[in-house]
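Subject: Structure for you to look at

Hello,

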Amino acid sequence: MSKLNFNQIYAESLLEPNKFWLQAAGKISWFEPPIAALNRVEENAFIGNWFRGGKLNTCFNALDVHVANGFGEQTALIYESPVSGQTQRFTFKQLLAQVATFAGALKAKGVSKGDRVVIYMPMIPQAVVAMLACARIGAIHSVVFGGFASKELAVRIDDAEPKVVLTASCGLEGNKVIDYKALLNQALQLSQHKPDFQVIFQREQLAAQLDYSGDIGWVDFVANAQPAECEPLDASDPLYILYTSGTTGKPKGVVRDNGGHCVALKWSMQNIYNMNPGETFWAASDIGWVVGHSYIVYGPLINRNTTVLFEGKPVGTPDSNVFWKTIEKHQVKTLFTAPTAIRAIKKLDPQGKLMREAKCDLSCLEALFLAGERSDADTLQWSVAQLKVPVIDHWWQTETGWSICANCLGIEQLPIVLGSPTKAVAGYELAVLDKNGQPIEQGKIGALAIKTPLPPGTFIGLWKDQVRFKESYFKRFAGYYETGDAGFIDENGYVFVMSRTDDIINVAGHRLSTGAIEEVIAGHPDVAECAVIGIPCDLKGEIPVALLVLNEQCQASSAEIQSNTVQLVRDKLGAVYSYKSAVVIDALPKTRSGKVLRSTMKKIARHQKYEVPATIDNPDSLSQVSSALAQL
Ligand code: COA
Ligand code: AMP
């Protein structure tokens, strides 16, 4: 029988979603198989209710099933930590033993199905153990990225209301030691919700005082625990909540189910990433982001791949060759990272000289996948020239959990077109809409929207906020999910993702909210008004810059206020926001109705042509913005 090509598979996924996804569901282990793939329930008609009647456990699919099938001795997880000088390997059997014991310890302390567990941990194996242990007993984990400050952690604790918070004594960021325990203590003081207890993994680089009410050391916590079995869960039971930036300071708690997620990730590992069981996959991201959830932890393990957990940076830990050495050392078949990581390497090694001098044998590497931000042509071409493998840009979001557009290497490699993440993948019916929700002429830029129901694996809601869920994503365009990205589709079906339609910025592959930064800066007593926009950055893609209007009574110098706001944002939101510059102006450009002209300012920052809006209240302010930004 001849192999189906990409177009046939894609068409089949849209024409017969039930048949298509039931077949995909057959590749995972169910305690009870689903009755059907897709159900639409009345009150949630805009999303699919996938795999009704199916009972499964994601941890079972990630670990137990492989051990049961005789692959217990295969390496499941490689912890590669140039910052601590350690490499550790865990077989499926070893990882399962640790996960089952930790799950048993959680259960013994009263954590059960549906309870929330916040995980605020660096990139260490215990973090993966914690996630899988939650999945095992049906507790809902919420991993909070380590680069967020205490207040952001507190906001997430208040929203998720966890029974327990899991952390480590410290994180290692390049050559800095980050005191996670101190950050957690502060967060617990700030939060209204108080968890029942906290479990702290002690790292040798910095010991934590177990000084907060409810603190327990990790070793003591698991000391007498009995391994827990997998809890059979409904396909629609939540697996995790992952907070992502919205346009306001309040993050959105994206909720993922068990069934759709498991099926979609398994499908994607084979069909998008071309991974066969037994091979090694490396997503150089962080477990605090969706890439880490889907492709450091769940996807590779469900597909019985060896996954690499890398605690380090693309440069400086110790040098720009660390990625290549890691690929060679662990025989990585496919690397997934953000373009910004490649830009950081390229900046230090523009001609690939350092890389050649290192003489790494990269013959094991078959593909590089990039996502998190638009891949610029330079980065792509440099990667192809150095690595000599297909370099695949693919587009996705926290909400979707896996690719909307990609070049599906496991089906058929399509020609690579620079600037395009290729085509919509199975299950995603993509449209480009005008502001009235009407399809736009081919090749013209509009809002990228996905026809509902979304495929399996995509989010099933926002935690405790189904109203925001509907309003933010499904209201503007009836029958579609609004991605928040703008772009176009060319005559060959290639998709081009050009920019956001909202005030989200993308800093070093991290999606961040300018609204959140504005809220913090507005709290400064000398700031009367502010607007934050993203300006282009060679390394990080974009970085935030604040335009500040100061109170007339302000006695401090502009420089002082600027550095105060920088500190404030670091303290309240976290260093990862990379907010380092501000300019002081007399007035923000606004329309007569008071709307700040952010998009005009963004164009000014990008030296793009802009029209002075007819409704502008203070036209002179634009030239002031222009000269202030020029000084940066
Ligand atoms: N815990 C604590 N602090 C953290 C952190 C963490 N987990 N992650 C980042 N930070 C801090 C950094 O130390 C830095 O602090 P500083 O301002 O005091 O130097 C700040 O947050 C910004 O971090 P980052 O954006 O990582 O910048 P960088 O200059 O340290 O490194 C890159 C630049 C390009 C090397 C880095 O951003 C990178 O590797 N990016 C890849 C991103 C990625 O994988 N994204 C996932 C999407 S697929
Ligand atoms: P996150 O939810 O953090 O994964 O961020 C998702 C956003 O990052 C998307 O909505 C896009 O704006 C951007 N993004 C991710 N991947 C790509 C890509 N390949 N091309 C362009 N933008 C991307």
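**Salt bridges**

Glu-80 and Lys-329 form a salt bridge, with 3.2 Å between the closest N and O atoms (a salt bridge here is a side-chain nitrogen of Lys or Arg within 4 Å of a carboxyl oxygen of Asp or Glu). The pair links distant parts of the chain, 249 residues apart: Glu-80 sits in strand 4 (residues 75-81) and Lys-329 in helix 11 (residues 322-330). Helices (H or I, at least four residues) and strands (E, at least two) are DSSP runs, numbered from the N terminus.

Before going further, please note that this is a predicted model, in which local features need pLDDT of at least 70 and side-chain atom pairs count only at pLDDT 80 or more, while totals for chains, interfaces and linings use all residues. Residues are numbered from 1 along each chain as its sequence is written, chains are lettered from A and ligands numbered from 1 in the order in which they are written, and side-chain values use heavy atoms, with hydrogens and water left out.

Back to that pair: Glu-80 counts as buried, at 8% relative accessibility, whereas Lys-329 is partly exposed, with a relative accessible area of 44%. Buried means under 20% relative accessible area, exposed over 50%, and partly exposed in between (1.4 Å probe, protein chains only).

In the whole structure, the search finds 27 salt bridges.

- Lys-181 pairs with Asp-215 in a salt bridge whose closest N and O atoms are 2.6 Å apart. This one also links distant parts of the chain, from helix 7 (residues 180-190) to strand 12 (residues 215-217), 34 residues apart.
- Lys-353 and Glu-357 form a salt bridge with 3.1 Å between the closest N and O atoms. Both lie in helix 13 (residues 353-358), four residues apart, which is about one turn of the helix. Glu-357 is partly exposed, with a relative accessible area of 48%.

**Strand 4 and its partners**

How many of the seven residues of strand 4 are buried? Six of them are, so strand 4 is largely enclosed by the rest of the structure. Strand 4 pairs with strand 5 (residues 86-91) in the antiparallel sense, over six bridges (two strands pair if DSSP finds at least two bridges between them). Thr-75 has Thr-91 in strand 5 as its bridge partner. Four residues lie between the strands of this hairpin, and there Gly-85 takes a positive phi near 70 degrees.

Strand 4 also runs parallel to strand 17 (residues 306-310), joined to it by four bridges. Here Leu-77 has Thr-307 as its bridge partner.

Next comes an open sheet of four strands in the order 23-24-26-27, with antiparallel pairing. Strand 23 (430-433) and strand 27 (495-500) stand at the edges with a single partner strand each, so one side of each is left without a neighbour in the sheet. Strand 26 (residues 480-489) and strand 27 are antiparallel and joined by five bridges.

**Lys-590**

Where does Lys-590 sit? Its place is in the loop between strand 32 (581-584) and helix 18 (598-605). The side chains of Lys-590 and Glu-529 are joined by a polar contact of 2.3 Å (a polar contact is a pair of N or O atoms within 3.5 Å; within protein, one must be able to donate a hydrogen and the other to accept it, and residues adjacent in sequence count only if both atoms are side-chain atoms).

**The two ligands**

Ligand 1 is surrounded by 24 residues, the closest being Glu-173, Lys-176, Lys-313, Lys-540 and Arg-570 (a residue is near a molecule if one of its heavy atoms lies within 4 Å of it). Oxygen atoms of ligand 1 figure in these polar contacts:

- A polar side-chain atom of Lys-176 is 2.8 Å from an oxygen atom of ligand 1.
- For Lys-313, the distance from a polar side-chain atom to an oxygen atom of ligand 1 is 2.7 Å.
- In Lys-580, a side-chain N or O atom lies 3.1 Å from an oxygen atom of ligand 1.

Around ligand 2 there are 15 residues, of which His-394, Thr-398, Asp-485, Arg-500 and Arg-511 come nearest. A polar backbone atom of His-394 lies 2.7 Å from a nitrogen atom of ligand 2, and a polar side-chain atom of Gln-397 is 2.9 Å from an oxygen atom of ligand 2.

Best wishes
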